[in-house]
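Subject: Structure handover

Hello,

The structure is below, with the sequence. Please have it open while you read the notes that follow.

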Amino acid sequence: MTEPAATAKPPLQILLCSPRGFCAGVTRAIDVVETALKRFGPPVYVRHEIVHNRFVVESLKAKGAVFVKELDEVPDTAAPVIFSAHGVPKTVSEAAASRKLTTLDATCPLVTKVHREAEIHFKRGRHVILVGHAGHPEVVGTMGQLPEGAVTLVETVEDIEAFAPPAGKELAFVTQTTLSVDDTRDAITTLKRRFPAIAGPHIEDICYATTNRQEAVKQVAPQVEAMVVVGAPNSSNSQRLREAAERLGCKVAVLVQRASDLDWSRFQGVSRLGLTAGASAPDVLIEEIMAAFAERFAITVETVTTVKEDMFFPLPRELRPDAA
């Protein structure tokens, strides 16, 4: 008796966005934790998620990193305390210093650049407008560089239209580094229209990695029926990638953390799929997603590259080999 023929898998072409996944700031932040574990031994304490990715956090926990929400959860210890890639308010670093804790700063250098810009504007007597998302750790950290009331957060063009500047104050603006390039352009255009003398950054605040990943999605999205973005729901740059695909007409644009999050009913009849990852998602998760599609489809993969990235940020001075 002959076996019935296996049902042929439907064909699926995957357009793999490049650049995708880890950026230099995320790589540096993870390296800070791993190098500290090797240098000092476990435990090392990390305030907040080092980057917004559950897989990364869990893998570092397994190596001996202890993640805390706030500094008061850290015991009096000689073990190092690491500040996440998103940056922290000055009150946090001051509290750590008052307790004589050993701290290591894994703040992305591009976030630190925004902090310095805001401080310079403040010292020059300007009121600072921050374009960003309320509650995001990076925004909390940036606002926390200056005294209360020195920064106004705006999230939308409507917020900018409604903003009433403090009397007699010159204005300046900075932006969160992980925003949508298009939305931020609209916000800055509105700021400059309302306040022609407003001071801005010499170099755009949105980081190179955010811009590059959005550009790759913009090139791929019009060519596919669905886009999968690998990243965490609290990752701003990942959410912006999903929105960019939606804006360009992708009928299905989803953000997932793992293959188990995929709703397969949404991919029925799809023959061309875009795939990318936010800046804090490791390649192993992209591979996991591709393997899951390969179980259900006969896949072919084409990489669409918009730019080559070669950015590198060195470790904090305390963790470099010459400081051992």
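**Binding-site positions**

In an unreviewed entry, UniProt gives the feature "binding site" at His 52, His 86, His 136, Ser 235, Ser 236, Asn 237 and Ser 280. UniProt positions follow the numbering used here, feature names are shortened, and annotations may be inferred rather than shown by experiment. From this set, His 52, His 86, His 136, Ser 235, Ser 236, Asn 237 and Ser 280 belong to the lining of the largest cavity. A cavity is a set of points on a 1 Å grid over the protein atoms alone where a 1.4 Å probe fits but cannot get out, and lining residues have an atom within 4 Å of a point.

This is a predicted model: local features need pLDDT of at least 70, side-chain atom pairs count only at pLDDT 80 or more, and totals for chains, interfaces and linings use all residues. Residues are numbered from 1 along each chain as its sequence is written, and side-chain values use heavy atoms, without hydrogens and water.

His 52 sits in the loop between strand E2 (44-47) and helix H2 (54-63); helices (H or I, at least four residues) and strands (E, at least two) are DSSP runs numbered from the N terminus. The backbone oxygen of Asn 234 is 2.9 Å from a polar atom of the His 52 side chain.

Is His 52 buried or exposed? His 52 counts as buried because its relative accessible area is 8%, and buried means under 20% (1.4 Å probe, protein chains only).

Ser 236 is part of helix H9 (residues 236-247). Ser 236 is also buried, at 6% relative accessible area.

Regards

Terms used. 1 Å grid on protein atoms, 1.4 Å probe; cavity = no way out; pocket = protein on both sides within 12 Å on 5 of 7 lines; lining within 4 Å. Buried < 20%, exposed > 50% of the residue type's maximum accessible area, 1.4 Å probe, protein only. Polar contact = N/O pair within 3.5 Å; in protein donor to acceptor, adjacent residues only side chain to side chain.
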